[in-house]
Amino acid sequence: MNRVVITGAGTINALGRSVPETLQAMREGQLGIGPLQMRDLDRLSVKIGGQIKNFDPEAYFDRQKLALYDRVTQLTLLASREAITQSGLEITEELSEATGLVLGTAAGGMNTWDDNFRSVYEEGKNRVHPFVVPKLMTNAAASHVSMAHNIKGPSLTVSTACASSNHAIGLAFQMVRSGMAQVMLAGGADAMLTFGGIKAWEGLRVMSKTACRPFSANRSGMVQGEGAGVFVLETYEGAKARGAEILAELIGFSMTSDAGDIVMPNQQGAVRAIRGALRDARLDPQDIGYINAHGTGTAANDKTECAAVTEAFGAHAQALMMSSTKSMHGHLIGGAGAVELLACLMALRDGVIAPTIGYEHPDSECALDVVPNISRQAKVTATLSNAFAFGGMNAVLVLKAI
Amino acid sequence: MSVKDKVIQIIAEQGLLDMADVSLSATLEDLGIDSLGVVESIFAIEEEFDIEVPFNANAPQESEFDISSVATIVSAVETLVAEQT
């Protein structure tokens, strides 16, 4: 089996338009969540989100291309471009067929659905733009990345709600490890901050109107974000041979299903995913120094996640650090795991642990070191990243310093 | 139909029960209504009475809308309906 390393990372989200900007914001505990800017805001009861403000697509793409790019595709393309540039990888004709990509998204081209439903239902139009289907399809972003970078190997989109990115990265990891591909791009994106998208979330009554405060006793729910995160995965040997800078090694992945409830998380499903990932990584619980939590800021997630970590790690649960960066960038849904993996890279490479901001009051059911409000210097050699999706689909990744 | 009867009808429907089996002292849990059922019942109440119910599923006990029993729900809905007119 091949060793698998990360040699490139790219992102765009409410905290920044690149990895360095995002990591600096995480280090400083910046808040990317703020008042939403969108039409018909007065008809929403949730008016905050982790929105990418003042984003002008025409500054990045020509108009002909934009006719085919939903916002989620635009964000994915920008993150992919940054990741590939950083990796220094040249996808030659020879390498092209051994290179693939797996991206995760929950909603795909949500803005395109929203805009075109408006025009046919609300405005009563009888005609929509001819590219609506290729623009909104869930695999559009992955397809455009493959076209933009001449990726001709296995490419696909996975959709497991809030765990989409972790599933995507985990599957790509397995594909490189098994030798199915030499290089894989992996990550995910979502852009669900549309009027209809927010209305749908409002309905569940788990959204906060004020702030995302994971693990804090006065938490009031989740806050939606948007954005993309993409990584370049390749074999350790390949990366070494071309003299690439290695950001971290991916060493473990596990996925489980709760077979329980469509929205409520399940402690046992989470415990099995964490234990499975450690087993896959051949690590003991005490090897993990930092966990990037799923940490949505809902009572259901936070209590279940803390109980699962306590069960899976035993006494070591009190020694490790666990934070939720969703407090800063919001919940990126299908893009969450990818942007959050950046916090793991920062922990491993820079020795900086991203904080859980907005933390005000301890909750006895979340009595772990959640790195409240201020980032911390610490040396960690292995990290875990949790994602526990609606529908009970869990995916956990393990990264190691190199 | 009174506000009380309409609320009981909504709760009975959610719990797949006869209206006669929904006692005022029962909790939603007693009636077999889980967290998703609670959210769905509140939606049905909002639609029926054209009101906004202040309820956050993250902290039901802290919401202004008291769902601890059928009686408290009926009384909270009566208050909201009265405020509206």
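Predicted model: local features only at pLDDT ≥ 70, side-chain atom pairs only at ≥ 80, totals over all residues.
1. **Overall form of chain A.** Chain A holds 14 helices and 14 strands. Its radius of gyration is 20 Å, close to the 21 Å that the globule rule gives for 402 residues, so chain A is as compact as a globular protein of that length. Taken along the principal axes, the box filled by the C-alpha atoms of chain A is roughly 65 × 55 × 40 Å.

2. Of the 402 residues in chain A, 57% are buried.

3. **Two domains.** Chain A is divided into domain 1, covering residues 4-241, and domain 2, covering residues 253-400. The C-alpha centres of these two domains of chain A lie 21 Å apart, and 62 residues of domain 1 are in contact with 57 residues of domain 2.

4. **The side of domain 1 that touches domain 2.** In chain A, the elements that give two or more residues to this side are the strands β1 (4-13), β6 (183-190) and β7 (227-235), together with the helices α1 (19-27) and α8 (164-178). Which element gives the most to this side of domain 1? The answer is α8(A), with 8 residues. By residue type, the side of domain 1 of chain A that touches domain 2 divides into 29 nonpolar, 28 polar and 5 charged residues.

5. **Where chain B meets chain A.** In this contact, 9 residues of chain B are paired with 11 residues of chain A. The side of chain B that touches chain A is made up of 6 nonpolar and 3 polar residues, with no charged ones.

6. **The length of helix α3 in chain B.** Helix α3 of chain B runs over residues 70-84, and at 1.5 Å a residue its 15 residues should span 21 Å; the end C-alpha atoms are 21 Å apart, which agrees with that expectation.

7. The buried residues Val70(B), Ile73(B), Ala76(B) and Val77(B) belong to α3(B). They cover an arc of only 130 degrees around the axis, which puts them on the same side of α3(B). What covers the buried residues of α3(B) includes two other helices of chain B, α1 (3-14) and α2 (35-49), whereas the face turned away from the buried side carries the exposed residues Ala82(B) and Glu83(B).

8. **Two residues with positive phi.** Val371(A) has a phi near 50 degrees, and Asn373(A) has a phi near 65 degrees. Val371(A) is found in the loop between β11 (352-353) and β12 (376-377) of chain A, and Asn373(A) is likewise found in the loop between β11 and β12.

9. **Surroundings of these two residues.** Is Val371(A) buried or exposed? Val371(A) has 24 other C-beta atoms within 10 Å and is therefore buried, given that the cut-off for a buried residue is 20 or more. Asn373(A), with 15 C-beta neighbours inside 10 Å, counts as partly exposed.

Terms used. Residues numbered from 1 in each chain as written. Chains lettered and ligands numbered in written order. Contact = placed C-beta atoms within 7 Å. Nonpolar A, V, L, I, M, F, W, Y, C, P; charged D, E, K, R; others polar. Helix = DSSP H or I, 4+ residues; strand = E, 2+ residues; numbered from the N terminus. Rg over C-alpha atoms; globule rule 2.2 N^0.38 Å. Buried ≥ 20, exposed ≤ 12 C-beta atoms within 10 Å, placed from the backbone. Expected span 1.5 Å × (residues − 1). Arc of directions from axis to C-beta. Domains from an automatic or database assignment.
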